[in-house]
Amino acid sequence: MLMFLIFIALLALICINVPIAIALAMAGVMGLLATEGVSSLVSIALDMYSGSTKFSLIAIPMFVLAGAIMNAGGITDKLINFVSAIIGFVRGGLAMVNIGVSLFFAEISGSAVADVAAMGSILIPQMKKRGYSAPFSAAVTSSSASLAIIIPPSIPMILYASSSNTSVEQLFVAGVVPGLLGAAGLMLVAYVFARRYNLPTEEAFNVKRLRETFIDALPAFTLPIIILGGIFGGYVTATEAAGLAVVAALVVSAWYRNLDLRHLRRAMLDGGIQTAVVMLLVASSVLMGGFLTRAQVPQDIANAILNITNEQWVILLILNFFFLVVGFFLHSAAAIILVVPIVIPLITAAGIDPVHFGLVVTLNLAIGQQTPPVASVLITSCAVARANIWDVSKVNIWFILVLLFVLLLCTYVPSVPLFLVEYFYR
Amino acid sequence: MTLINRLAAILDFILETFTVLLMVLLTLIVIVAVLARLAGESFSWYDEVAAIMLSWITYYGSALAALRRRHIGFDSVLLSIPVRFRMAAVLFGEAVVLTFFVLMAYTGFQVLAVLQGSYLVSLTWVPIQFTQSVIPIGAILFILCQLLSLPTYWQKTRAGISLEHAEIEEEVDAELAKNAPRT
């Protein structure tokens, strides 16, 4: 009964727009007061401090900063030119370029809004000028930016790893194959649209142009080389890779002579605020998590579901549905911090690989970014394209179906996300 | 400019400068530590100091985010209810936020009193009272920022404007203006 009341209070606070971090913390305080009395309130200060000092999460401000420097440093243009030289000759070439650049770029900064605003504001006006409809341009930008949430580095994956005591490096590796499959699927849908609406090709394939744009974009590739090569090769941890990513972003932006002190200060500030917003959620979750653990709520939920079924595929189906619904209403960081610690005992008891489940959760939340009411990535794309959200959603449904297909594939064929993990780590 | 706006602008400048400074410091610490580790040298203080920096960024940055109303929330339900109930809900929600941070400041000072005479493990000359002072100070700053930003939040919510959507529009307009010459 107490748990039910606390859950209702939490829901009510979220519905009246109390910041989710504070709603979570207040729910934890209510639980503490009800079960352990006023003397336990000192846990507020202790938990809020210990929750904000999780060393593994230092990767978050570093990746956020690297992304913000890249956004400010003009690297986007070089990537767009290079990807355009590779794939621009295909019908609907600019849509392909959009998807290709998103894979590299989006979600690095942890703020898909900032990334979509930065990249979309270059590509969407060009697409509209070349005859692409505004809803189609926004749908391609939005869905590809969300897919990039599963391509390393990914802030939601770092948060999942911290909430579930899973290796963030293994999660990063697990995201690569599904990410590439998803991108191929999105490109296929874009191609079908391009054929049907006779969308234009860009310039013809030209080896000389490819070579020139590759050389121009070469410094920008140091970032994925450091992050992926360093982590996959076992040379650095995710936190160390994040630190090196900042160095690389600074060097590359200086190389392109696009970074001044004003931009750097802005990048530092954006990084600081985004980190604080996510970390306050993490700290409050410690307060709530302490209460839930003492009340044995995660174990009770695990036992209740295991009493109904212990079939992995049914449990995954239930959790997929649950996370899809959660994704409609919560931002990815809030959803992970709120829900993952509660369902992890169930995952462990059912014998599901937590790395596999991490990818399933992240993909669900990527789809959630495309579905109103809480769909910041979709809303940003619509704002850039000056398109109505419902018109965009009508086109976007085809791209969401691709993401759903990748989700089902990863859920029920675990070797798709896990075979690289097995190869590198097990 | 009203007194509240002026106070908000001053606090915004101070918190912005401090948050940027903390980010610069954390970045330098992480980069130096990583490069040193790759060169075969490890700093015993790195983990402890970096974690403390993260905590400071969390709370000083959170106060700034409160001043700019940037914390993650969900306003769709609130904005869809009649104005009278909506504004009553806003008042109640603000009271909940302030109550939490009053409790955090109060218990933060209690903890600081207990920590008298304790020092960091790796840097034995740094008092833990100093590093954990971020909890009560951060809570007080959050309260100030929440109160200073309340009038704007009140006006926008009354007018049915979503702060998240307004922020997105602002970001998009800035980027479109920046990239306008190219398109």
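Guide: A polar contact here is a pair of N or O atoms within 3.5 Å; within protein, one of the two must be able to donate a hydrogen and the other to accept it, and residues adjacent in sequence count only if both atoms are side-chain atoms. The model is predicted. By that rule, nine residue pairs, with both residues at pLDDT 80 or more, are in polar contact across the interface of chain A and chain B.

On the chain A side, the surface that touches chain B draws at least two residues from each of α1 (2–15), α2 (20–36), α3 (43–51), α4 (59–72), α7 (112–129), α13 (238–255), α14 (261–294) and α19 (376–385). Of these, α14(A) gives the most, with 15 residues. Sorted by class, this side of chain A holds 51 nonpolar, 14 polar and seven charged residues.

In total, 72 residues of chain A and 71 residues of chain B take part in the contact. About 6300 Å² is buried between chain A and chain B, and carbon and sulfur atoms give 74% of that area. Two salt bridges are found across the interface of chain A and chain B. One of them is formed by the side chains of A:R265 and B:E16, at 2.8 Å from N to O.

Most residues other than glycine have a negative phi, and most peptide bonds are trans. The peptide bond from A:P152 to A:P153 is cis, with omega near -5°. A:P153 lies in the loop between α8 (134–147) and α9 (155–164) of chain A.

A:N165 is not a glycine, yet has a positive phi of about 55°. This residue sits in the loop between α9 and α10 (168–196) of chain A. A:N165 counts as exposed because its relative accessibility is 75%, and the cut-off for exposed is over 50%. A:R386, also not a glycine, has a positive phi of about 55°, and is placed in the loop between α19 and α20 (389–412) of chain A.

A:H356 belongs to helix α18 (residues 354–368) of chain A. Its relative accessible area is 4%, so A:H356 is buried, the limit being under 20%. Leaving out residues up to four places away in sequence, A:H356 touches A:L316, A:C410, A:T411, A:P414, A:P417 and A:L418.

How values were computed: Residues numbered from 1 in each chain as written. Chains lettered and ligands numbered in written order. Predicted model: local features only at pLDDT ≥ 70, side-chain atom pairs only at ≥ 80, totals over all residues. Heavy atoms only, no water. Contact = heavy atoms within 4.5 Å. Buried area = accessible area lost by both parts, 1.4 Å probe. Salt bridge = Lys/Arg side-chain N within 4 Å of Asp/Glu carboxyl O. Helix = DSSP H or I, 4+ residues; strand = E, 2+ residues; numbered from the N terminus. Nonpolar A, V, L, I, M, F, W, Y, C, P; charged D, E, K, R; others polar. Buried < 20%, exposed > 50% of the residue type's maximum accessible area, 1.4 Å probe, protein only.
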